[in-house]
Amino acid sequence: MPAHDVLIIGAGLAGQRAALAAADAGATVAIMSKVHPVRSHSVAAAGGINAAINPADDWRSHAFDTVKGSDYLGDQDAIEVMTSEAPGEIMYLEHIGVTFHRNETGHLDLRAFGGASMKRTAYVADITGQAILHVLYEQLMKYSDRVDRYEEWFNTSLLRGDNGRCEGVVARNIRTGEMQTFTAKTTILATGGVGQAFKPTTNGLICTGDGMSLAYRSGARLMDMEMIQYHPTTMTANGFLITEGARGEGAHLRNANGERFMVESAPNKMELASRDVVSRAEQKEINEGRGTGPLKDSVLLDVTVVPKNRVLEALREIVNLGRDFAGIDITKEPIPVRPGQHYTMGGVKTDVDGETDIPGLYAAGEVACVSVHGGNRLGANSLLDTLIFGRRSGEHAAKVAASMAMPKVSDAQLRDDAKQIAAIIDRPRTGRRVSEIKEELGESMNKYCAVFRDEEGMTKGAEVVNRLQEEAKTAYIDDKGTVFNQDVLGALELGFMLDCSEAIVKAALERKESRGAHSRTDFTERNDEDWLFHLTVERDGDGAAKLGQAPVTITQWQPMERTY
Amino acid sequence: MSTIENTDATEAKPEGLQEFTLRLRRYDPESGQAPYFEEFQIELEPHRSVLDGILQAKAKEDGSIGVRCSCRAAICGSCGTRINDKPGLACHTHLDEALKRSKDGKITIEPLGNMPVIKDLIVDMDAVHWKKQARVTPWLLPKEPLPEREHIVPRESMVDVTQSMACIQCGACVSDCLSMEIDPLFVGPAALAKAYRFVGDPRDSRHAERLSNLAEDPHGIYACTHCFKCIEACPKGVAPMSQIMRLRRIASQDHHINDRNNGERHEMAIVNSVKKYGTLNEAKMVPDSYGGPLAPAAAKELVASLPVITKALLRRKVTPKTALFHHKNPDQAQIKRIYQEVQGREQRLELNLYITQPDEDPAELAAHEAHVAEAAAHDAAEQAERAATNQTEAGA
């Protein structure tokens with residue numbers, strides 16, 4: 001049975017950064033991922049990573065922008081940690097080889113991004129996430145003798161000892177179907193978000209909320225689950241992401257009348273207001289009949305106003321996306337876009353060292369909720385979040401592991417999990433297909449928990465989720481094999497997504513105000529008096545979702561009116 | 001207002017659905033059966049991707065179809081496959097385009113080549129692709145001690161390596177590499193593009209070692225046969241072969257590495273032959289590539305090449321007359337001018353997508369620049385107006 005000081009589940013930016021930090025701290029480390037690490041969804045992050053590295057900038061300014069962006073729901077102590085450690089983290093990345101673009105003097109170049117009071121986004125063209133992810137993987141290859149890699153292994157359960165600690169996991173080797181118990185003194189979840197519970201989404205097919213659900217089932221609290229980010233610029237043609245970097249480089253948004261409608265809701269920052277603000281403005285244009293396209297369901301993103309050589313050098317990827325996926329030369333004509341599901345601000349509740357409610361269990365990155373994003377995440381803060389809290393989790397977990405003995409675990413959970421998988425494979429073809437249920441879930445969540453929400457819609461959403469949870473119990477699959485049985489993993493992922501969706505809908509129905517990305521047409525104002533706290537969701541004894549509250553930490557910035 | 005308005009538009013039934021036949025190569029390692037083809041009918045808009053088609057078949061008909069995929073937007077690199085005999089990403093190939101390339105009206109989808117198949121469209125990338133990546137010491141070896149802040153490097157150098165950083169490790173180039181088909185030990189296009197990412201990176205301190213290592217390896221940079229297949233295959237414009245050629249140029253011209261494989265000499269023999277005759281003098285290729293007609297290595301190679309030479313003579317590709325008195329291109333001045341221009345440059349001109357723009361009509365470019373300037377001026381005016389309004393309001 002493999003045994004490690006630190007076991008990391010998920011190998012995107014948070015997971016890989018945690019692995020390197022834990023190894024540097026002297027721990028024995030394993031990193032496990034259901035896909036090859038470079039396929040992780042961090043690869044899709046385009047625009048860049050925020051840090052106050054310009055001498056004229058100050059991390060406090062970055063912190064304030066983040067607090068304001070969060071609509072005052074972010075925990076300010078955590079935001080201070082993230083923003084003050086950001087410059088050091090960028091230098092670490094630069095030193096291990098990330099090819100950040102430079103300015104004319106050869107120093108790191110910075111671009112403008114939404115909700116930021118100055119240019120503070122370091123970038124690699126518009127493939128920043130890919131560049132960092134691949135460079136971290138270069139380091140992981142370099143660390144081969146110190147970090148064991150379990151690539152294409154699927155995590156089925158977390159193990160909890162009699163003392164309540166998390167003592168490892170059970171996982172399935174996707175390639176062979178073999179089940180294995182992994183012992184670990186500490187376990188770090190870095191499994192990303194749950195975008196696949198929505199359709200369409202900018203998220204990859206692998207973003208199915210695995211870690212959120214596994215932690216929730218083991219007794220940890222989820223937090224801020226009602227806060228779902230809709231990105232303002234996803235291609236209408238197919239839902240793909242157009243980086244905020246496009247607007248950072250100067251692109252405009254226009255409605256069907258050719259008006260730059262952002263002047264209404266953000267006269268100062270215009271297209272570079274916070275994402276929740278821009279998405280609402282777009283949805284308003286569309287809802288009020290000023291959308292473009294045959295279905296009037298889009299607004300136009302106009303990149304033609306950005307100098308062409310700059311587009312080709314710094315926005316190459318979206319030139320390709322426009323050409324290959326929408327048949328549009330974005331340097332010559334505007335491209336139809338609309339808000340699309342992009343990010344889960346909520347996740348497994350952690351402190352600034354990544355510790356969850358369960359001793360020995362950590363979480364970092366999109367799976368976690370520290371909470372640095374609160375009601376709305378700023379663009380280019382997600383890569384930063386993954387790296388800062390990935391590193392801090394790795395370091396903390398290694399330190400804790402150094403002073404404890406290896407737990408002794410049994411294969412009891414493994415036998416349960418193997419039985420459950422066998423039962424799914426053996427299900428008769430009497431229920432619904434897993435793929436059908438997933439489709440209905442995605443469409444329902446996107447209908448009832450989107451940019452604008454109300455009681456009536458979300459109640460319907462909750463009913464759908466509850467019904468699908470029942471239907472999932474008898475849903476059948478086709479693949480009876482063991483080698484790369486993606487079908488059976490899809491059934492398990494559906495269960496993860498349904499857990500997360502239940503938490504999202506439940507928290508969203510509960511919060512009777514509008515804050516950040518949670519915008520209700522029946523409670524249109526932010527209400528600090530009654531709602532300035534986090535909502536948590538945990539599983540009660542009967543397996544039902546139970547709501548709770550957690551205080552918001554305020555250090556130096558009292559809530560104010562939020563204008564851009 | 002009801003929330004349903006959020007997505008009213010997406011509920012409309014998509015128009016223009018078209019039926020396609022996918023012909024998937026299936027392989028189940030547990031069945032004991034040989035691979036076979038299976039057909040699936042799918043219905044989608046023609047601009048949707050082949051991956052969307054596969055996923056529809058998987059969702060509606062047969063969940064056991066094995067295919068790696070995640071992002072659907074050509075960035076995660078999971079869905080490398082061969083579609084109608086061409087390698088690429090399934091998510092990056094439109095159904096209508098794929099159909100156009102088909103000979104029988106069906107879209108044939110197979111796993112990538114040059115790698116063992118695990119199941120259906122899933123290949124063992126560890127056994128080939130990732131092993132080769134590990135071969136090129138794929139991490140930065142910076143000068144010590146590290147600077148306190150970032151390395152100060154030329155702006156252009158980081159834009160330049162972006163082209164090889166754009167590689168998503170999908171394996172499409174490896175799939176159809178002809179050199180690798182002949183020589184499975186060939187380091188290959190993807191790994192060599194990765195090598196350029198370090199050799200082109202001014203922060204790396206081991207350029208010479210990396211280059212001599214890859215030049216001296218009989219399966220290294222000189223084992224590429226220049227077939228362009230990888231450039232054609234790459235969905236991200238990395239142009240692996242171009243990166244290999246750049247490694248060669250830097251190895252020979254900047255680091256003067258005379259490799260034991262005679263790769264550098266062979267290249268120079270071609271350059272000199274064209275310079276002298278305007279065309280390739282094939283009869284002189286072997287002796288010149290191996291150190292001149294009197295070099296022992298050349299004699300050995302000549303003897304070994306006898307069957308090829310005989311064949312060439314028999315097929316009249318070379319005649320004794322052309323071999324001895326090679327025809328000179330009449331316009332020697334023109335050839336001289338080309339050589340002077342290329343060799344006289346202070347810096348080698350390297351084609352790089354992130355730096356070089358496609359050729360464009362100058363009038364169109366000027367119109368675009370005017371458009372950008374006009375928008376900027378308009379923005380500035382609006383900004384000033386807003387500032388003025390704000391001031392008035394603040395004053396009031």
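Between which two strands of chain A is the loop in which Asp224(A) is found?

Asp224(A) is found in the loop between β9 (222-223) and β10 (228-235) of chain A, where helices (H or I, at least four residues) and strands (E, at least two) are DSSP runs numbered from the N terminus. This is a predicted model, in which local features need pLDDT of at least 70 and side-chain atom pairs count only at pLDDT 80 or more, while totals for chains, interfaces and linings use all residues. Residues are numbered from 1 along each chain as its sequence is written, chains are lettered from A and ligands numbered from 1 in the order in which they are written, and side-chain values use heavy atoms, with hydrogens and water left out.

## Backbone of chain A

Most residues other than glycine have a negative phi, and most peptide bonds are trans. Phi of Asp224(A), however, is positive, near 55 degrees. A cis peptide bond joins Lys199(A) and Pro200(A), with omega about 0 degrees, and Pro200(A) lies in the loop between β8 (179-189) and α5 (210-217) of chain A. Another cis peptide bond, with omega about 5 degrees, joins Val370(A) and Ser371(A); Ser371(A) belongs to the loop between β16 (368-369) and α11 (382-402) of chain A.

## Where the chains meet

In chain A, 93 residues are in contact (heavy atoms within 4.5 Å) with 93 residues of chain B. The buried area, meaning the accessible area (1.4 Å probe) that two parts lose on being put together, summed over both, is about 7,500 Å² between chain A and chain B, and carbon and sulfur atoms give 51% of that area.

Ten salt bridges are counted between chain A and chain B, each being a side-chain nitrogen of Lys or Arg within 4 Å of a carboxyl oxygen of Asp or Glu. One salt bridge pairs Arg175(A) with Asp124(B), whose closest N and O atoms are 2.6 Å apart.

## A helix pair in chain B

Helix α14 (residues 296-304) and helix α15 (residues 306-314) of chain B pack at an angle of about 55 degrees, with their axes 4 Å apart; axes are lines fitted to C-alpha atoms, for helices over the stretch in contact, and angles run from 0 to 180 degrees between N-to-C directions. The two helices, α14(B) and α15(B), are therefore oblique to each other, since angles under 35 degrees count as roughly parallel, over 145 as roughly antiparallel, 65 to 115 as roughly perpendicular and the rest as oblique.

Leu302(B), Val303(B) and Ala304(B) in α14(B) meet Leu306(B), Pro307(B) and Ile309(B) in α15(B).
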